Amino acid sequence: MEANADQVASGRAAWQTTSIEIERLHRDIYTTSGFLDEAAADHAAGVVSSTFVQDGRILSPRTKECRPGNSAPSRSTLREGDLAVVLVRRVGDSALVTAEHAGCTATRSIGIIRAEPHIVRWLHIWLQTPTAKARIDEDVTAHVEPTISLDTLRRMPFPLPPPDVITAYHRAFGLIEEMTALYQEAARKAVELADALHDDWASTIPPWETRPLAKVAKPKTGRGSERSLLPLPTEPTTDVTDVIAPKDLYDLPVPHVQRFRLSNPANEGDAHPPGTLMLSTRSDGAHIAVPSRPATPLRGVVAVRPNEDEDGWWLLHELRSRRNDITRLAQGQNGREISAGGLKRLEVTWPDQFTRTDFHTMADPLHAMARLLVAKIATLHTLRDALLRDISAKAGVLREPTTKPEEQSAPAPRPTAGPASRGIH
């Protein structure tokens with residue numbers, strides 16, 4: 001009995017360490033990368049760049065124009081079941097290619113892995129783990145921007161559990177991704193409905209009066225940079241405030257944010273209360289968020305607080321409707337340097353107080369719904385991160401293979417036991 005118990009315990013702990021390079025000796029695995037320039041994704045139909053690989057999915061706005069029959073397939077043509085891996089900037093992010101994107105063409109910032117379904121699904125999960133991210137960080141080069149080569153990806157060691165374990169994990173992570181996408185879409189529609197209400201109310205005839213922003217709100221330019229932030233206490237504490245850099249506002253699905261990636265001790269800096277509008281700009285327009293916690297803006301971010309709290313939703317949607325006007329007030333390359341001084345001159349449509357109050361009454365439930373959905377997404381992310389940490393722990397320390405790939409004529413024996421599937425469902 002003791003011998004059997006030891007055998008099972010060792011089998012459960014031993015996930016085979018391998019790599020794409022090794023697995024290619026006895027599996028049909030194909031790896032390549034795109035060759036189109038990144039700019040092609042902005043001007044050509046059916047082109048996927050690293051920008052569109054986010055949250056485990058491909059978000060290209062022109063995916064309906066991906067058609068396998070439109071042009072002759074090339075090595076950079078995506079197929080259903082491929083794994084698209086980001087090689088530049090957000091290195092290591094990946095997405096499974098669905099039928100919706102089959103036939104799209106990848107740019108050179110995308111690596112393509114084509115293999116048996118359970119291998120591709122496992123790599124998609126493994127690349128999200130703390131162990132994989134740390135290994136990628138070690139191998140990243142940054143001459144201009146963070147980059148990882150396809151060769152490095154092929155040689156990178158990873159653990160390989162039994163197929164039934166991979167299937168259980170794939171189901172769990174797939175459900176998390178589906179629920180996240182569902183909540184994001186519902187939150188986005190709620191905010192878009194409030195946008196539509198604003199646009200309708202703002203387009204009255206005769207038109208409402210306009211006022212400079214300085215007359216209806218208090219904008220304040222952020223200060224400092226990420227490098228100027230003080231280290232957080234080593235002991236866990238809730239006495240911190242969020243810190244917002246310009247890039248934290250780009251490409252948000254909705255303006256509501258549960259928590260930002262940076263924080264500072266609560267007694268440091270000028271923190272603004274929850275509900276303050278945080279705004280930054282780049283060439284594609286203004287980007288605005290509404291933090292749910294006290295937050296401090298860094299350089300390149302302007303905090304905008306309405307004179308009256310009940311004007312907050314009208315002001316948010318008014319600024320959203322004037323994204324391009326705001327960018328024209330910004331300075332610097334690609335319109336990234338916005339300041340409170342420049343923003344004060346912006347003319348905004350400003351109805352009478354009764355109309356603004358009525359709009360608040362209409363829009364507030366929509367934003368409450370969006371905030372609730374954002375909180376649910378944060379809970380899903382916490383669950384996902386816990387699963388990824390658990391996978392890293394089960395994998396243990398990954399050791400480099402001691403033999404060269406060409407010396408391995410047959411696959412190493414795989415363990416017959418793994419983490420119980422019922423614990424993942």
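Predicted model: local features only at pLDDT ≥ 70, side-chain atom pairs only at ≥ 80, totals over all residues.
**View 1. Helix H4 crosses helix H12.** Here we zoom in on H4, which covers residues 117–126, and H12, which covers residues 353–395. Their axes come within 10 Å and cross at roughly 105°. Angles of 65 to 115 degrees count as roughly perpendicular, so that's the word for H4 and H12. On the H4 side, look for Trp122, Ile125 and Trp126; they meet Leu388, Ile391 and Ala395 of H12. Sorted by class, the residues of this contact are six nonpolar, no polar and no charged.

**View 2. Helix H9 meets helix H12.** H12 turns up again, this time with H9, the helix of residues 312–321. The two axes come within 9 Å and cross at roughly 75°, which makes H9 roughly perpendicular to H12. H9 brings Trp313, Trp314, Leu316 and His317 to the contact. From H12 come Phe359, His360, Ala363, Asp364, His367 and Arg371.

**View 3. A look into the second largest pocket.** This pocket holds about 570 Å³ of space. Its lining is made of 29 residues. If you want to find the centre, go to Leu96, Val97, Thr98, His170 and Glu177, the lining residues that lie nearest to it. Which elements give two or more residues to the lining? They are strand E5 (57–58), H4 and helix H7 (163–202). H7 supplies the largest share, with eight residues. By class, the lining of this second largest pocket splits into 10 nonpolar, nine polar and 10 charged residues.

**View 4. Trp15 and Trp122 form an aromatic pair.** The structure has five aromatic pairs, and this view picks out the one made by Trp15 and Trp122. A pair of aromatic rings is described by the distance of the centres and the angle of the planes. For Trp15 and Trp122, the ring centres are 5.7 Å apart and the planes sit at 85°. Planes over 60 degrees apart count as edge-to-face, so this pair gets that label. Where do the two partners lie? Trp15 is in the loop between helix H1 (2–13) and strand E1 (16–18), while Trp122 is in helix H4. The pair therefore ties together parts that are 107 residues apart in sequence.

Notes. Residues numbered from 1 in each chain as written. Heavy atoms only, no water. Axes fitted to C-alpha atoms, helices over the stretch in contact; angles between N-to-C directions. Helix = DSSP H or I, 4+ residues; strand = E, 2+ residues; numbered from the N terminus. Parallel < 35°, antiparallel > 145°, perpendicular 65-115°, else oblique. Contact = heavy atoms within 4.5 Å. Nonpolar A, V, L, I, M, F, W, Y, C, P; charged D, E, K, R; others polar. 1 Å grid on protein atoms, 1.4 Å probe; cavity = no way out; pocket = protein on both sides within 12 Å on 5 of 7 lines; lining within 4 Å. Points joined across faces, edges and corners; volume = space filled by probe spheres on them. Phe/Tyr/Trp six-rings, centres within 6.5 Å; stacked < 30°, edge-to-face > 60°.
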